[in-house]
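This note sets out some points for a colleague to consider alongside the coordinates. The remarks follow the display.

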Amino acid sequence: MKPSWRKYIIWLFIIAVLAIIFFQFSRFNQEPAELPLDKVIALSTESQIGKLAINTDILYTTDLEGTKYQTYIGTLNYVDLQNLGLNLNGIDYSYQQTGFDWMSLLIYAVPTIFII
């Protein structure tokens with residue numbers, strides 16, 4: 001007698017749920033620590049920042065040791081930040097493109113394809 005394919009679907013569903021839980025709580029999804037804007041400006045005047053990137057309303061900062069931070073800046077841009085005292089001399093700065101996170105879609109969609 002052949003085993004029912006429904007048993008396999010149940011096991012695949014359980015595996016998919018466990019995979020989703022694993023990826024939700026894994027280290028890959030951790031966001032950088034919050035850092036106030038005045039601290040970012042202070043770090044820039046001390047030449048302790050290696051890289052800056054603006055992504056819509058968040059400023060991502062990486063210090064010289066490689067530690068990553070994020071700062072909510074609202075509608076400010078680099079010119080506004082310089083007027084507030086941000087020193088961009090010797091700092092690699094850029095704008096990050098906003099868009100759809102295709103990797104998250106794959107993480108959630110691939111197990112679903114196997115269930116069907």
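A nonpolar core is here a set of buried Ala, Val, Leu, Ile, Met, Phe, Trp, Tyr and Cys residues joined through side-chain atoms within 4.5 Å; buried means under 20% relative accessible area, exposed over 50%, and partly exposed in between (1.4 Å probe, protein chains only).

1. Basis of the model. This is a predicted model, in which local features need pLDDT of at least 70, side-chain atom pairs count only at pLDDT 80 or more, and totals for chains, interfaces and linings use all residues. Residues are numbered from 1 along each chain as its sequence is written, and side-chain values use heavy atoms, with hydrogens and water left out.

2. Confidence. The chain has a mean pLDDT (the predictor's confidence in each residue, from 0 to 100) of 82, and 84% of its residues reach 70 or more. Where pLDDT is low, the predicted coordinates should not be read in detail.

3. Architecture. Four helices and five strands are present, in the order α-β-α-β-β-β-α-β-α along the sequence. Helices (H or I, at least four residues) and strands (E, at least two) are DSSP runs, numbered from the N terminus.

4. Core. The largest nonpolar core has 15 residues, and those with the most contacts inside it are L52, L59, Y78, L81 and L86. Two or more residues each come from α2 (37-45), β2 (49-55) and α3 (78-83). Of the 116 residues of the chain, 25% count as buried.

5. Contacts of Y78 and Y95. With contact taken as heavy atoms within 4.5 Å, and neighbours within four places in sequence left aside, Y78 is in contact with L52, A53, I54, L59, L88, Y93, S94 and Y95. Y95 lies in strand β5 (residues 92-95); beyond residues up to four places away in sequence, Y95 touches I54, N77 and Y78. In the chain, 53% of the contacts with a separation of 6 or more are between residues 24 or more positions apart.

6. Surface. I10, W11, F13, I14, V17, L18 and I21 make a nonpolar surface patch of about 700 Å². I10, in helix α1 (residues 5-25), is exposed because its relative accessible area is 51%. Patch residues have over 30% relative accessible area and no salt bridge, with nonpolar side chains (Val, Leu, Ile, Met, Phe, Trp, Tyr) joined within 5 Å and like charges within 9 Å; a salt bridge is a side-chain nitrogen of Lys or Arg within 4 Å of a carboxyl oxygen of Asp or Glu.

Definitions and conventions: Accessible areas come from the Shrake-Rupley method with a 1.4 Å probe; for residues, only the protein chains shown count as cover.
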